[in-house]
Amino acid sequence: MAEIAFIEEAAGNEDPPTPIRGVRRLLWWIVPANMGVFIIWGSFLGILLPAQVAGLDPANKVANLAIVSTVGAIFALFAQPIAGQLSDRTRSRFGRRAPWIMIGSLIGALSLVGLTFANSFVGVLIAATLVQTAYNFAQGPLSAIMPDRVPIKRRGTFSALSGIGLMVGALGGQIVGSVFLGSIAAGYVFLAVFSVLMLSLFVIFNPDYSSEEIAREPFKFADFLRTFWVNPIKHPDFFWAFTGRTLLYAGYFTVTGFQFYILTDFLHIENPASVIPVLGVISLAGILISTVISGPLSDKFGRRKPFIFGSSALVGAAMLIPMISPTLPGWMAMTFVAGFGFGMFQAVDTALMSQVLPSARSFAKDLGVVNIAATLPQALAPAIAGAIVLSVGYIGLFPLGIVLSILGAFAVWPIKASR
């Protein structure tokens with residue numbers, strides 16, 4: 001009954017009912033669950049897909065990767081809000097989230113296996129788009145776990161652990177991707193099995209309340225279309241949080257998301273597969289240090305904004321390093337500093353986002369819209385970077401990254417739901 005009342009009446013700045021198996025178990029299981037999703041983005045989008053595209057047509061790899069990434073990003077744009085809308089309306093004995101987490105992961109895994117048989121640009125385009133769409137279907141409902149089940153005073157810690165899973169997945173994915181560069185098909189199969197396993201274990205060990213007795217709202221197509229729009233006048237905090245995340249993610253991934261080609265064509269590294277694992281460890285070290293510190297501290301002080309300001313400044317400053325020193329040591333330094341700043345942001349921003357959600361009835365849908373701010377920059381980064389590289393060269397990526405990162409900090413200033 002408490003769960004039903006919460007869904008029907010609460011907003012994101014209110015505490016939800018205690019989870020069936022407790023908050024502590026949920027805190028630790030979100031790490032492997034997020035790893036199961038974000039290892040796909042680190043390995044697939046960051047390493048294996050660019051390598052596969054380059055192998056099909058080396059002369060046109062930049063343009064072709066831009067096309068694949070842009071099409072995938074368009075589908076990803078719609079996937080999370082649609083999955084969120086479906087999840088919010090789902091009535092089952094397993095709750096509102098678990099069915100869609102599993103459906104998305106299974107379809108994504110099958111699409112990854114399908115990529116192993118793609119030997120043409122069109123085949124890669126179709127399979128890669130399915131991968132991005134399916135895993136966004138899983139990621140949307142998974143992100144709603146925080147406002148669904150975690151009390152506000154624990155959200156900074158949950159956000160930090162969630163960020164650790166995210167970053168270990170994304171950056172560990174780069175290492176995994178580099179290991180499988182000699183056998184891309186085996187890499188896709190490994191990712192498919194790993195992601196299904198991690199998400200399945202999360203669902204099994206963290207059951208949700210049944211949603212069968214929650215009243216189902218009538219479906220209206222006009223309401224469905226409004227899924228993709230949150231009124232910035234009616235919900236200004238939501239708008240500014242969305243804008244801030246979009247800008248900082250765009251600044252970070254416009255540079256780091258193009259790392260594979262930067263190493264080969266800008267820094268002239270002959271064997272990037274030998275360097276990428278080292279860079280992944282360096283970045284992961286910076287992210288883990290800042291994440292472990294920032295999330296619990298933001299809970300202790302009850303403040304989110306100072307950490308976001310600091311993270312944006314660090315990410316922007318990091319982009320100066322390769323402009324001054326376009327060398328492998330310079331890139332390593334940039335990787336650590338940017339990782340430290342991004343970890344700080346990731347640890348706190350997720351908690352801030354959960355507090356600006358309008359209604360528990362639509363947590364997954366609204367977070368699907370919010371997650372566009374994270375997913376779209378990552379997916380579009382190769383397209384943005386490709387256009388810049390083709391017009392002014394690799395050096396043009398870094399000033400853009402600096403400007404976007406700093407603007408991301410200013411965007412959260414007007415938020416009133418969090419200090």
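1. Buried means under 20% relative accessible area, exposed means over 50%, and partly exposed lies in between (1.4 Å probe, protein chains only). Histidine 268 is exposed, with a relative accessible area of 59%. Histidine 268 sits in the loop between helix H11 (259-266) and H12. Its phi is near 60 degrees, a positive value in a residue other than glycine. Most residues other than glycine have a negative phi.

2. A word on the model. This is a predicted model, in which local features need pLDDT of at least 70 and side-chain atom pairs count only at pLDDT 80 or more, while totals for chains, interfaces and linings use all residues. Residues are numbered from 1 along each chain as its sequence is written, and side-chain values use heavy atoms, with hydrogens and water left out.

3. Now the overall fold. The chain has 17 helices and 0 strands. Helices (H or I, at least four residues) and strands (E, at least two) are DSSP runs, numbered from the N terminus. Of the 419 residues in the chain, 60% are buried. Contact means heavy atoms within 4.5 Å. Among contacts in the chain with a separation of 6 or more, 87% join residues 24 or more positions apart.

4. Next, the core. A nonpolar core is a set of buried Ala, Val, Leu, Ile, Met, Phe, Trp, Tyr and Cys residues joined through side-chain atoms within 4.5 Å. The largest one has 108 residues, and Phe44, Leu49 and Leu112 have the most contacts inside it. Helix H2 (residues 23-56) gives the most to this core, with 19 residues. What does leucine 49 touch, not counting residues up to four places away in sequence? The list is Ser43, Phe44, Leu65, Val68, Val124, Ala128 and Tyr188.

5. Aromatic rings come next. Rings of Phe, Tyr and Trp (its six-membered ring) pair if their centres lie within 6.5 Å; planes under 30 degrees apart count as stacked, over 60 as edge-to-face and the rest as tilted. By this rule there are 18 aromatic pairs. Phenylalanine 239 and tryptophan 240 have ring centres 5.1 Å apart and planes at 70 degrees, so this pair is edge-to-face. Phenylalanine 239 is partly exposed at 32% relative accessibility. Tryptophan 240 is partly exposed too, at 30%.

6. Tyrosine 252 and phenylalanine 342 make a stacked pair, 4.1 Å centre to centre with 10 degrees between the planes. Tyrosine 252 lies in helix H10 (residues 236-256) and phenylalanine 342 in helix H15 (residues 328-354), so the pair ties together parts 90 residues apart in sequence. Both residues are buried.

7. Look at one helix pair. The axes of helix H7 (residues 155-179) and helix H12 (residues 272-301) come within 9 Å and cross at roughly 180 degrees. Axes are lines fitted to C-alpha atoms, for helices over the stretch in contact, and angles run from 0 to 180 degrees between N-to-C directions. H7 is therefore roughly antiparallel to H12, a label for angles over 145 degrees.

8. Serine 162 is found in helix H7. Is serine 162 buried or exposed? At 11% relative accessibility, serine 162 counts as buried. Leaving aside neighbours within four places in sequence, serine 162 is in contact with Ile30 and Asn34.

9. Last, aspartate 88, which is found in helix H3 (residues 61-89). Aspartate 88 is buried, with a relative accessible area of 4%. Aspartate 88 and alanine 144 are 56 residues apart in sequence and 9.5 Å apart in space, C-alpha to C-alpha.

Methods
Angles under 35 degrees count as roughly parallel, over 145 as roughly antiparallel, 65 to 115 as roughly perpendicular and the rest as oblique.
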